[in-house]
Amino acid sequence: DPAIKGTKYVLAAVEKLKEEGYSFRFLLCQNMKNEEVKAKLAESEIVIDQLLVPGHGLFAIEAMASGNAVLGSAISGRFGFPEDLPILTTTPDNIYENLKMVLENPQLRIDLAHKGRAYVEKYHDHIQVAKYLMEQIGEGKYL
């Protein structure tokens, strides 16, 4: 949903950066099949997730797993997110500045991408998720 994701703010920032002479390819992943999105994530370096609701969705997790730097509204250490959440906290107020920063700083993109992949392996690997769920319900308690 573009209204929830903050798409209009992303489009405005992208347009402003292009008007300023920044050269990059931009693709809005909307109304696409999951397999197509995964293929596009494999080709990309920067992904912008939701900007309005403080959190992230599956799209951000897939982007991190694919080796992308992720910008989104999730805040490390807040709202149940771990301190090592490697999403560059981005809102409508700073989308232009943050996108410009990651475009100008390849090392930041690389660092966020590496941290993102490690984060997904640590917190979203199916075995880790199963272990966490077992701990929460009391190992074997309900088996």
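Where is N31 found? In this predicted model, N31 belongs to the loop between α2 and α3. The backbone of N31 has a phi near 55°, which is a positive value in a residue other than glycine. N31 has a relative accessible area of 78% and is therefore exposed, since a residue counts as exposed over 50%. A second case is F79, whose phi is also positive, at about 55°, although F79 is not a glycine. F79 is placed in the loop between β2 and β3. Its relative accessibility of 53% makes F79 exposed.

The chain as a whole contains seven helices and three strands. Read from the N terminus, these elements follow the order α-α-α-β-α-β-β-α-α-α. The C-alpha trace spans about 60 × 30 × 30 Å along its principal axes. The chain has 143 residues, and 33% of them count as buried. When contacts between residues at least 6 apart in sequence are considered, 51% join residues at least 24 apart.

Two loop residues illustrate buried positions. S73 lies in the loop between β2 (69-72) and β3 (87-89). The relative accessibility of S73 is 5%, so S73 counts as buried. With neighbours within four places in sequence left aside, S73 is in contact with Q50, L51, L52, V53, P54 and G55, and also with T89 and T90. H56 is located in the loop between β1 and α4. H56 has a relative accessibility of 18% and is counted as buried, because the limit for a buried residue is under 20%. Again leaving aside neighbours within four places in sequence, the contacts of H56 are D49, Q50, I61, A74, F81, L85, I87, Y119 and H124. Q50 is in contact with S73 and with H56.

Y119, one of the contacts of H56, also takes part in an aromatic pair. A search of the whole structure finds one such pair. It is formed by Y119 and Y123, whose ring centres are 4.8 Å apart and whose planes stand at 45°, so the pair is tilted. Y119 and Y123 are four residues apart in helix α6, so about one helical turn separates them. How are Y119 and Y123 classed, as buried or as partly exposed? Y119 is buried, at 4% relative accessibility, whereas Y123 is partly exposed, at 29%.

Charged side chains also sit over aromatic rings. K16 lies over the face of Y96, at 4.2 Å from the ring centre. The charged end of K18 is placed over the ring of F24, 5.0 Å from the centre of that ring.

Empty space in the model was examined next. Rolling a probe the size of a water molecule over the atoms shows where such space is left. What is the volume of the largest pocket? The largest pocket has a volume of about 1,000 Å³. It is lined by 33 residues, of which L27, C29, I46, V47 and F59 are the closest to its centre. At least two residues of this lining come from each of α1 (2-5), α2 (7-19), α3 (34-43), β1 (46-48), α4 (58-65) and α5 (95-104). The element that gives the most to the lining of the largest pocket is α3, with five residues. By residue class, the lining of the largest pocket comprises 18 nonpolar, six polar and nine charged residues.

The second largest pocket holds about 150 Å³ of space. Its lining consists of K122, Y123, Q128, V129, K131, Y132 and E135. Two or more residues of this lining are given by α6 (106-123) and by α7 (126-137). The largest share, five residues, comes from α7. The lining of the second largest pocket divides into three nonpolar residues, one polar residue and three charged residues.

Conventions
Residues are numbered from 1 along each chain as its sequence is written. This is a predicted model: local features need pLDDT of at least 70, side-chain atom pairs count only at pLDDT 80 or more; totals for chains, interfaces and linings use all residues. Side-chain values use heavy atoms; hydrogens and water are left out. Buried means under 20% relative accessible area, exposed over 50%, partly exposed in between (1.4 Å probe, protein chains only). Contact means heavy atoms within 4.5 Å. On a 1 Å grid over the protein atoms alone, a cavity is a set of points where a 1.4 Å probe fits but cannot get out, and a pocket is an open set with protein on both sides within 12 Å along at least five of seven lines; lining residues have an atom within 4 Å of a point. Grid points are joined across faces, edges and corners, and a volume is the space filled by probe spheres set on the points. Ala, Val, Leu, Ile, Met, Phe, Trp, Tyr, Cys and Pro count as nonpolar, Asp, Glu, Lys and Arg as charged, and the others, Gly among them, as polar. Rings of Phe, Tyr and Trp (its six-membered ring) pair if their centres lie within 6.5 Å; planes under 30 degrees apart count as stacked, over 60 as edge-to-face and the rest as tilted. A charge sits over a ring if NZ of Lys or CZ of Arg is within 6 Å of the ring centre and within 35 degrees of the ring normal.
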